[in-house]
Amino acid sequence: METLVKTTPKTSTNSAIPEDTRIFLTDYASYNAGTQFEFGHWVSLDKFADADELNAYISKHFKEADKKSPLGYGSIREEIMITDFEGFPAAFYDECMDFEPLYEYFERASSCGYDLEIVEAFTKLGNYSVEDVDKFFDALEESYSGEFSSDEDFAYDMAEQCGQLKENNSWPYTCIDWKQAAHELMFDHYEQDGHYFRAI
C-alpha cells in the first residue's frame, strides 16, 4: 500500500509557473530498496519561489523520511529521482534534473510578451535548446510571425504585408494559387499548433 506524505506548501509563491506544473519526487535509495512510493509524491513547482527553495524542500523532505522510515544498510535519501512530470517541456526532464534552468525558463516566458501557448509551440519545434534560455527567447522574438488557421492564410498575410496585393484584392490576385504560394513560403518558415515562425 502506498503512503504518500503531503508536505508541499499550500499557497502559490511563483505566479510565473502554471499551477499544473509538477514532478513526481522520490529518491534512488528508496527506489533501490523497493519503497519509492512510501514517501514519493507529486510536488507542484509553483509553490516554490525558485529552484533553491525547491531543493531546500526536497532535502528537508528526505531527512524527515529518513527519520520516519530508515532504509537498511545505513542508506540515506539524498539523490533525487524524478519519475514523472507534467506541465513543462520534455527537454527539461531528467531523473536527476537541474531545476534552475526550468525556473529561469518560466520567468522568461512570463515576461517575454508572448502567451505561454506561443512559447510552448516554439519549444515543440525543437530548433533551439530550451536550456539555453537566452538564445531560445532571442530566437523566439526574432522568428515569431503570428497565428493563422492555415499555411494559405499565412501566405496571404505575408503577401499583404509585403505590399504584393493590389487595392481591394481584386482580380487577378484573387486567382493566385495560395496553396502553392504557401508551399513555397513554408521552405523558410515553421508551423506549430497554428503559430508561425521564421527560420533563422
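Guide: Start at aspartate 193, which is partly exposed, with a relative accessible area of 41%. On this scale, buried means under 20% relative accessible area, exposed means over 50%, and partly exposed is in between, with a 1.4 Å probe and protein chains only. This is a predicted model, in which local features need pLDDT of at least 70 and side-chain atom pairs count only at pLDDT 80 or more, while totals for chains, interfaces and linings use all residues. Residues are numbered from 1 along each chain as its sequence is written, and side-chain values use heavy atoms, with hydrogens and water left out.

Aspartate 193 sits in the loop between β5 and β6. Helices (H or I, at least four residues) and strands (E, at least two) are DSSP runs, numbered from the N terminus. The phi of aspartate 193 is positive, about 55°, although the residue is not a glycine. Most residues other than glycine have a negative phi. Tyrosine 73 is another non-glycine residue with a positive phi, about 60°. Its loop runs between α3 (51-68) and β3 (80-86). Tyrosine 73 is exposed, at a relative accessible area of 90%.

Go back to β5 and β6. Both strands pack against the buried residues of α7, as do β4 and α8. Those buried residues are Phe154, Ala155, Asp157 and Ala159. An α-helix has 3.6 residues a turn, so residues three or four places apart point the same way. Aspartate 151 also belongs to helix α7. Aspartate 151 is partly exposed, with a relative accessible area of 29%. Beyond four places in sequence, aspartate 151 touches Ala182, Met186, Glu191 and Tyr196. A contact here means heavy atoms within 4.5 Å. The C-alpha atoms of aspartate 151 and histidine 183 are 7.6 Å apart, although 32 residues separate the two along the chain. After α7 comes glycine 163, with a positive phi near 75°.

The largest pocket holds about 160 Å³ of space. Its lining has 11 residues, with Ala155, Met158, Ala159, Gln164 and Trp178 nearest the centre. Two or more lining residues come from each of α7 (151-161) and α8 (178-185). By class, 10 of the lining residues are nonpolar, 1 is polar and none is charged. Nonpolar covers Ala, Val, Leu, Ile, Met, Phe, Trp, Tyr, Cys and Pro; charged covers Asp, Glu, Lys and Arg; the others, Gly among them, are polar. A pocket is defined on a 1 Å grid over the protein atoms alone, as an open set of points where a 1.4 Å probe fits, with protein on both sides within 12 Å along at least five of seven lines; lining residues have an atom within 4 Å of a point. Grid points are joined across faces, edges and corners, and the volume is the space filled by probe spheres set on them.

In α5 (residues 116-125), Ile118, Val119, Ala121, Phe122 and Thr123 are buried. Glycine 126 follows α5, and its phi is positive, near 75°.

Phenylalanine 88 is in the loop between β3 and α4. It is buried, at 7% relative accessible area. Its contacts beyond four places in sequence include Thr21, Leu45, Met97 and Phe106.

Threonine 21 comes in the segment before β1 (22-27). It is buried, at 0% relative accessibility. A polar atom of its side chain lies 3.2 Å from the backbone oxygen of glycine 87.

Last, confidence. The chain averages a pLDDT of 89, and 90% of the residues score at least 70. Residues 1-10 fall below 50, with 25 contacts in the model beyond near neighbours in sequence. pLDDT is the predictor's confidence in each residue, from 0 to 100. Where pLDDT is low, the predicted coordinates should not be read in detail.

Conventions
Polar contact = N/O pair within 3.5 Å; in protein donor to acceptor, adjacent residues only side chain to side chain.
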